[in-house]
Amino acid sequence: EQVLAYVAGNYRYLVDFLSARLPAAGVFPLEGTYLAWLDFRALGFSDDELKERILRRARVWLDDGPMFGTGGRGFQRLNLACPRATLAEALERMARALS
């Protein structure tokens, strides 16, 4: 129960962070998992540019949406089962790389 509560807290942190720092990005509600589905389509980057900015510039490894099929274009998947400090650092790096 403590792990589930911690992951739920990380999800709330993610939602609040995106709202404040990357309001054009969206996140889907969790569906019984620790993986968040992030929607970056409104930022206007191609999938290659989005991957380059997140992986190369921010130095954060996410799962590229296109690996899940054509419906995944513009999306990335983020693992929330990590220390909050790790999540915060990754989000800060991503915010800088996507701004």
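Which element of the chain has the lowest mean pLDDT, and which the highest? Strand β3 (residues 63–64) has the lowest, at 94, and helix α3 (residues 84–98) the highest, at 98; pLDDT is the predictor's confidence in each residue, from 0 to 100. Helices (H or I, at least four residues) and strands (E, at least two) are DSSP runs, numbered from the N terminus. For the chain, the mean pLDDT is 96, and 100% of its residues reach 70 or more. The model is predicted, so that local features need pLDDT of at least 70 and side-chain atom pairs count only at pLDDT 80 or more, whereas totals for chains, interfaces and linings use all residues. Residues are numbered from 1 along each chain as its sequence is written, and side-chain values use heavy atoms, with hydrogens and water left out.

A search of the whole structure finds 4 aromatic pairs; rings of Phe, Tyr and Trp (its six-membered ring) pair if their centres lie within 6.5 Å, and planes under 30 degrees apart count as stacked, over 60 as edge-to-face and the rest as tilted. The pair of Tyr 13 and Phe 17 is stacked because the ring centres are 6.5 Å apart and the planes are at 25 degrees. Both residues lie in helix α1 (residues 2–21), 4 residues apart, about one turn of the helix. Tyr 13 is partly exposed, at 30% relative accessibility, whereas Phe 17, at 8%, is buried (buried means under 20% relative accessible area, exposed over 50%, partly exposed in between; 1.4 Å probe, protein chains only).

The rings of Trp 37 and Phe 75 are also stacked, with centres 5.3 Å apart and planes at 10 degrees. This pair links distant parts of the chain, as Trp 37 lies in strand β2 (residues 35–39) and Phe 75 in strand β4 (residues 75–79), 38 residues apart. Trp 37 is partly exposed, with a relative accessible area of 22%, and Phe 75 is buried, with 5%. Together with Phe 28 and Phe 68, these two residues form one aromatic cluster.

A charge is also placed at an aromatic ring: the charged end of Arg 84 sits over the ring of Tyr 6, 4.9 Å from its centre (NZ of Lys or CZ of Arg within 6 Å of the ring centre and within 35 degrees of the ring normal).
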